[in-house]
Amino acid sequence: MSLRPRQIAIRLALVALVSSLAPAVALGQWSNRYPKVEGYNHHVYLEGYELPFLTEGPIDPAPAPDGARVAFAARGWIWILDLATGTATRLTRGAEVDSRPAWSPDGRLLAFVRDDGSDTQIVIANAASGAELGTIGTERLELDPVFSPDGSRLFFSSAVEGDLDLWSVTVDGGARTRLTTDRGIELRPQPSAEGLLYLAKRGSDRVEWLPASGGPPVTILEGRIASMARPALSPDGSTVAVNWPGEDGWGLRLALLDEPGPSILLRGGGLPLTPAWDPTGEWIYFAEADADERVRLRRIRAVGGEAEDVPVRTWDWGEPTATLRVRTTLEPGGAPVPARLNAIDRDGHPALATGSVPRFDGQNGRVFFYSPGVVELTLPVGSATVAAVRGLATPEATRTVELVPQYVTEVELVLEPVWDARANGWISGEHHFHLNYGGLYDLSPSDLIPMMEGEALDVATPLLANLHNRFEDQDLWGWRTSDRTPLIRFGQEIRSHFLGHLGLIGIDRLFWPWVWGPGYQVYGADDRENAEALEHARGQGGIGYYVHPVTPRGVERATPWEEASWEQLASSIPIELIADAVLGDLDALEVVCLWSDEVSTAAVWHRLLNVGVPIAPSAGTDVMTDFYRTMAVGTARVYAHTGGALSWPAYLSALAEGRSFVTNGPMLDFRIGGAMPGGSVPSGNATWSLDLASANAVERVEVLVNGDVVWSAEGPAGSGSARHAGELELPEGGWVAARAVGGPAAWPAMANYPFAHTGPVWIGERGSTDAAAARAAATDLLIALERARARLEVGYGAASIPKLTARFDRAEAWLRARAEP
């Protein structure tokens with residue numbers, strides 16, 4: 001095949017997508033950063049599982065046709081490793097992140113995925129010079145290029161028609177062909193003369209074989225949530241190598257195309273990624289993170305045996321490099337402190353510290369990693385910019401420097417928090433995230449400590465949760481740090497999908513079953529209440545709460561923080577939440593979460609408080625810390641007032657009593673009549689004070705009585721703090737609280753708008769009500785309860801559910817008694 005630069009003119013015409021022409025709708029929660037893929041309900045998983053990863057070490061190995069070299073991705077570029085010398089030579093340049101290389105059969109070309117931080121495309125380059133010869137790109141995602149065995153066509157996955165289908169196009173820029181049309185997504189095409197192997201995700205996850213002779217696809221291997229699975233076809237077209245999950249973790253498995261179904265375990269343990277055959281069929285290369293989460297290149301013989309490292313002895317950048325040493329301190333010349341860092345080189349390409357584990361903030365589009373206080377980075381010479389924060393109270397500190405070849409340039413970033421939580425008696429905690437959830441790392445609980453220290457987070461309760469029918473990490477149950485900060489205690493997320501998800505913390509025994517209700521196997525028709533799990537927590541002195549509660553769908557708002565109408569919210573509440581709350585079984589509500597809407601959740605919470613149900617606020621990110629594409633743990637958190645005590649009992653008590661505020665950015669310290677959140681104040685005239693501190697601008701700050709705004713002021717236009725004070729005439733019953741809301745999204749925050757809300761200060765006594773506010777709230781909650789009952793009946797169909805029905809009956813009677821004059 002004779003090719004000259006730019007002769008490969010492969011560029012799919014841009015598609016006039018309806019979504020690109022429609023006006024933008026302001027959403028109240030994170031939805032997606034990359035173009036939406038139809039049929040994928042939770043885009044966080046698509047971006048977490050299916051899109052490329054940035055790692056410091058080698059990933060996505062692609063052995064060359066000559067068997068002497070391996071292309072791979074590392075540090076966001078494509079490198080080519082000479083197996084004889086151990087030298088890896090950088091092939092690509094630029095600001096974008098390159099990954100998933102694939103060789104042409106003659107070894108002259110490489111195709112790879114290029115990620116600009118909001119979309120992906122495919123690039124074809126000269127494998128010797130790196131000169132770019134053509135691209136495949138649309139306004140949708142393009143992934144997983146591979147050449148046909150004769151080199152005449154390029155196969156890839158594209159979402160140009162809505163969902164991710166497989167396509168092929170002639171290398172000379174001719175016609176393109178759509179190969180799959182089934183609903184769902186297809187990835188990692190592996191063509192041969194006899195057909196096409198690929199990964200399909202449609203309800204279940206399958207390795208499928210589409211024969212060239214025609215007929216339906218044949219399932220080679222099938223499972224649920226095979227998140228990191230990527231099949232590879234042997235050079236002779238007979239055998240599939242695939243990394244695949246099981247009850248005991250991940251393994252590398254082999255299956256024969258002519259014997260679909262059974263497979264053998266080639267290597268168990270660890271978490272092998274992106275397997276690829278060498279051209280002889282003797283070796284299978286793969287990437288895998290070590291105990292320090294540093295990704296390494298490895299290989300194993302196809303007949304089995306011990307896996308071995310494939311070392312990179314020398315990194316040839318192809319240009320002069322320099323070292324940047326970064327110190328983060330709290331005062332000039334002070335002792336180093338842990339921090340969250342972002343660094344970019346002269347082209348805007350993300351730079352990584354030696355030994356770091358990078359992650360991608362999908363809200364702000366920034367790669368970040370953690371520093372223990374001092375780190376070193378290798379970068380091309382020229383300018384470099386580094387930024388640092390430490391938790392939500394620290395404004396971003398940034399420096400740009402010029403790097404000199406062969407020299408170490410030192411930078412000190414001084415972090416200046418706008419508020420000192422501990423000095424004021426507050427302890428921070430985060431109560432909804434998952435240590436391991438099908439990502440590219442297999443984390444241990446101690447891996448959380450550098451993250452927590454870099455985020456100035458005192459308490460964390462990672463929740464064990466199912467990956468559909470797999471119940472992983474049970475061996476970690478009971479692991480904890482000693483009674484000092486950072487405090488780590490495992491909790492549990494209960495997935496009665498249909499009724500609503502629950503978090504349980506402060507428990508010593510797991511609740512079983514973890515899952516039930518429509519959509520689940522075995523327990524799909526269980527007449528089981530969420531209240532059973534809530535009582536399980538309360539009976540052990542723990543706390544039970546609904547997580548990511550309210551996310552109104554399809555609601556257009558002028559700003560993300562504009563409150564939707566109750567008509568719009570009433571159908572968006574978890575089915576059993578209102579019944580559990582009014583019947584007194586709910587301890588807390590996750591008011592702040594990155595995957596749900598704070599303003600909408602607060603609107604439901606306010607109505608529950610108004611009918612006299614004392615529910616404490618809680619917060620959690622719901623991030624998966626083993627993902628590359630994940631926000632930082634602690635970027636949604638609760639501050640509990642313990643008076644300075646740094647112990648788990650003191651913290652849990654303060655959280656349960658509502659001596660707290662929840663936030664994704666602003667800090668609030670509210671007092672009224674001498675009382676703080678969780679306490680009580682007499683009715684009548686009362687003086688109040690509110691200290692607000694924020695690392696970013698906030699649109700407004702408010703004081704609420706029974707959910708109504710009784711005082712409001714503009715928030716800070718930038719980082720800083722302010723004190724507000726005043727007097728209120730309080731009614732006979734109800735509650736008072738403060739909140740801050742609105743403004744731009746920016747570091748250190750990772751939510752799409754700032755929000756903070758204090759726990760209630762009760763008027764008179766805990767659970768008191770104002771008659772008019774209680775009637776109005778009960779009326780609204782009845783509407784939502786009726787809609788929840790209708791969804792319950794449709795979902796369970798003909799199944800007998802007398803316990804659930806009776807629970808709804810009791811809740812309805814309770815609310816009707818309070819809705820009547």
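**View 1. Cavities of 30 Å³ or more in the predicted model.** The structure holds 8 such cavities. A cavity is a set of points, on a 1 Å grid over the protein atoms alone, where a 1.4 Å probe fits but cannot get out. Its volume is the space filled by probe spheres set on the points, which are joined across faces, edges and corners. This is a predicted model, in which local features need pLDDT of at least 70, side-chain atom pairs count only at pLDDT 80 or more, and totals for chains, interfaces and linings use all residues. Residues are numbered from 1 along each chain as its sequence is written, and side-chain values use heavy atoms, with hydrogens and water left out.

**View 2. The largest cavity.** This cavity has about 70 Å³ of space. Its lining residues (an atom within 4 Å of a point) include His434, Tyr437, Glu472, Asp473 and Phe490. The lining has 6 nonpolar, 2 polar and 2 charged residues.

**View 3. The second largest cavity.** About 60 Å³ of space lies here. Among the lining residues are Arg75, Trp77, Trp317, Asp345 and His349. Strand S30 (residues 374-380) gives the largest share of the lining, 3 residues; a strand is a DSSP run (E) of at least two residues.

**View 4. The largest nonpolar core.** A nonpolar core is a set of buried (under 20% relative accessible area, 1.4 Å probe, protein chains only) Ala, Val, Leu, Ile, Met, Phe, Trp, Tyr and Cys residues joined through side-chain atoms within 4.5 Å. The largest has 198 residues, and Leu164, Val207, Leu377 and Ile578 have the most contacts inside it.

Note on methods:
On a 1 Å grid over the protein atoms alone, a cavity is a set of points where a 1.4 Å probe fits but cannot get out, and a pocket is an open set with protein on both sides within 12 Å along at least five of seven lines; lining residues have an atom within 4 Å of a point. Ala, Val, Leu, Ile, Met, Phe, Trp, Tyr, Cys and Pro count as nonpolar, Asp, Glu, Lys and Arg as charged, and the others, Gly among them, as polar. Helices (H or I, at least four residues) and strands (E, at least two) are DSSP runs, numbered from the N terminus. Buried means under 20% relative accessible area, exposed over 50%, partly exposed in between (1.4 Å probe, protein chains only).
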